[in-house]
Amino acid sequence: KVVGNVYANGNIVANNGVTITGSAIAAPSASVTSDQSNSGTIPITTCTATTCLSFGSTTAAQDFAQSFKVSTASSPLHDVQFYIKKVGAPSDITVRIVDDSSGSPGTTNELTTNGTLLASQVSGSSFGWVDVVFPSTPTLDPAKTYWLVLDDGSNSATNYYLLGATNNTYANGLGKLGKYTSTWTSTQPAGLDSDFNLYLGVTTSIGGGTYVGAVNIGQSGVGDAWANTVSGASVAGSLYCQTGSNNNKACNTTRPDPAPTTMPLSDANIQDFKDEATTTGSGWTYTGNLTIGYQGTTTTSLQHVTGNLTINGGGVAVMSDLQVDGSVTITGGGKLTVGPLRVNGDLDVESTMSMTGTVYVLGNVTIGSGATLKLDAGYGANSGVLISDGYATVSGGSSFSGSGQSTSFPLLITTSTCPSGTGCGSNNAINFNGGAGAVVLVAQNGTINMSGGTGAEALTAKEIDVSGGATITYNSGLANLNFSSGPSGGWNITSWKEVQ
């Protein structure tokens with residue numbers, strides 16, 4: 001059971017009596033591999049004339065355009081990725097797909113609604129891939145040349161973009177600088193192609209059951225189902241689909257497939273969080289394994305532990321700007337207040353951890369039964385981040401809390417691809433087995449598995465599996481998240497409407 005709405009860039013597989021109390025929307029997903037790609041200089045550590053180009057900084061180079069061709073007419077357009085960095089605080093970019101006019105971008109839009117590259121998802125410290133989805137997804141003609149236009153809309157000497165580029169490496173097009181609906185010129189040096197990946201889409205479905213009510217969507221006449229194909233559904237509101245079977249009502253075919261959306265955090269945002277937790281302070285180093293316990297409160301300028309750090313036996317430690325080369329374990333009534341913190345091993349919280357800054361764990365994260373993870377009161381109205389490159393396990397009876405203000409939440413983020421990939425065993429990217437509280441879970445490359453009664457502010461993942469009688473309750477939903485430092489994150493509402 002899901003108490004709330006479900007949105008997927010992909011299929012919603014739900015049968016055998018599943019209930020979604022709100023609406024269910026399954027937008028087209030991207031193909032597994034890109035249809036067009038150019039990424040010859042990745043990664044970029046130093047920006048040179050042949051590894052990147054700038055736009056938005058002068059009138060002559062206000063916009064950038066890249067021509068391309070698709071390989072097939074059998075799949076609709078889905079999204080594009082750019083390898084990009086920002087200088088200062090430029091505005092969002094309008095991303096257009098236009099026709100070709102004598103070897104330059106034309107003025108005929110192929111999209112009924114343009115895409116947007118969000119400035120908040122672009123890092124100011126390092127290059128990173130940023131996704132742009134297209135609200136309208138036409139099928140393009142492989143015989144024609146098209147142009148991706150990054151329309152900055154303004155120019156500034158202090159607020160602009162740097163775009164990863166390579167020299168004459170993309171066979172199906174070239175890059176140009178200029179201004180949309182005006183003059184275009186060759187890049188300098190001529191022939192630079194932007195680093196990009198363009199994906200085509202795959203139609204998606206809701207349900208999969210062979211009888212009416214295999215999935216129940218909405219209640220009391222409110223709650224829609226919307227996908228290309230819907231089967232086995234009992235829908236309280238409207239049923240929007242192109243094809244359907246075993247449903248309680250016929251498909252309303254007046255709507256096209258729903259529009260896909262980007263993940264709330266880009267790879268560049270996540271790298272900024274990691275960088276923020278990797279500090280270089282001026283404190284002292286403890287060589288070897290360090291255990292703090294039975295000593296009451298320890299406040300220290302300790303900067304670096306070369307082994308493992310253990311807080312146990314009622315020990316209380318307050319630290320900042322800390323790096324631990326091994327693992328961190330908080331157990332036996334121990335309490336650790338820390339942040340920023342980088343842990344090169346695993347993090348195991350069995351009692352209490354209070355975050356005063358961003359925490360980055362290169363290994364796995366365990367939040368045990370009865371454990372508490374919270375944000376220090378100093379966060380105020382802001383949210384905080386615990387990010388892991390490994391998988392995370394959250395046991396029943398654990399609890400999460402923000403700073404005490406209603407807009408403050410801890411984010412548990414993992415970059416793990418589990419359950420696929422090496423080192424996963426039987427673990428998902430996040431196994432959430434009944435923890436509760438004001439927490440946001442993010443596993444954009446892997447799977448979140450919910451297998452117990454639980455409450456969460458929001459979940460975002462490549463895949464979410466709900467089983468074993470679990471109930472997901474969205475306590476309030478999120479309009480946006482703010483952080484005391486680093487990126488401002490996503491989850492911004494760009495539009496809304498009543499669901500009747």
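1. In strand S39 (residues 352–355), the bridge partner of Lys335 is Thr352, and Lys335 itself belongs to strand S36 (residues 335–338), where Lys335 and Thr337 make up the uncovered face while Leu336 and Val338 make up the covered one. Strands S36 and S39 run parallel and are joined by four bridges. Here strands (E, at least two residues) and helices (H or I, at least four residues) are DSSP runs, numbered from the N terminus, and two strands are said to pair if DSSP finds at least two bridges between them.

2. This is a predicted model, in which local features need pLDDT of at least 70 and side-chain atom pairs count only at pLDDT 80 or more, whereas totals for chains, interfaces and linings use all residues. Residues are numbered from 1 along each chain as its sequence is written, and side-chain values use heavy atoms, with hydrogens and water left out.

3. Strand S36 also has a partner in strand S33 (residues 316–318), to which three bridges join it in the parallel sense. Within that pairing, Val316 has Lys335 of S36 as its bridge partner, and Lys335 is also the residue bridged to Thr352 in S39.

4. A further set of parallel strands is the open sheet of four, whose order is S3-S21-S24-S27. Its edge strands, each pairing on one side only, are strand S3 (12–13) and strand S27 (243–245). Strand S24 (residues 229–231) and S27 are held in parallel by three bridges, and Val230 has Gly244 in S27 as its bridge partner.

5. How many of the eight residues of strand S16 (residues 160–167) are buried? Seven of them are, so S16 is largely enclosed by the rest of the structure; buried means under 20% relative accessible area, exposed over 50%, and partly exposed in between (1.4 Å probe, protein chains only).

6. Strand S8 (residues 52–55) is joined to S16 by four bridges, with Phe55 partnered by Tyr161 in S16. Strand S10 (residues 77–87) likewise runs antiparallel to S16 over four bridges, and there Lys85 stands opposite Leu162. Strand S19 (residues 192–194) is joined to S16 by three bridges, again antiparallel, and the bridge partner of Asn167 in S19 is Leu192.

7. A search of the whole structure finds three disulfides, a disulfide being a pair of cysteine sulfur atoms within 2.5 Å. When the bonded cysteines are numbered in sequence order, the pairing is 1-2, 3-4, 5-6. In the disulfide of Cys47 and Cys52 the sulfur atoms are 1.4 Å apart; Cys47 is partly exposed, with a relative accessible area of 38%, whereas Cys52, at 5%, counts as buried.

8. Cys241 and Cys251 are joined by a disulfide with an S to S distance of 1.8 Å, and the torsion about their S-S bond is about -95 degrees, so this disulfide is left-handed. The pair links distant parts of the chain, ten residues apart, with Cys241 in the loop between strand S26 (239–240) and S27 and Cys251 in the loop between S27 and H1. Cys241 counts as buried at 0% relative accessibility, while Cys251, at 24%, counts as partly exposed.

9. Cys418 and Cys424 form a disulfide with their sulfur atoms 2.0 Å apart. The link of Cys418 and Cys424 is left-handed, with -90 degrees about the S-S bond, and Cys418 and Cys424 are both buried.

10. Helix H1 (residues 267–277) has a set of buried residues, namely Ala268, Asn269, Ile270, Asp272, Phe273, Lys274 and Ala277. Some of this spacing can be read with a general rule in mind: an α-helix has 3.6 residues a turn, so residues three or four places apart point the same way. The buried residues of H1 pack against several strands, including strand S14 (128–133), strand S43 (384–388) and strand S49 (440–450), where contact means heavy atoms within 4.5 Å.

11. Which element gives the most to the lining of the second largest pocket? Helix H1 does, with five residues, and the lining includes Ala268, Ile270 and Lys274 as well as Tyr83, Trp129 and Asn445. S14 and H1 each supply at least two of the lining residues. A pocket, on a 1 Å grid over the protein atoms alone, is an open set of points where a 1.4 Å probe fits, with protein on both sides within 12 Å along at least five of seven lines, and lining residues have an atom within 4 Å of a point.
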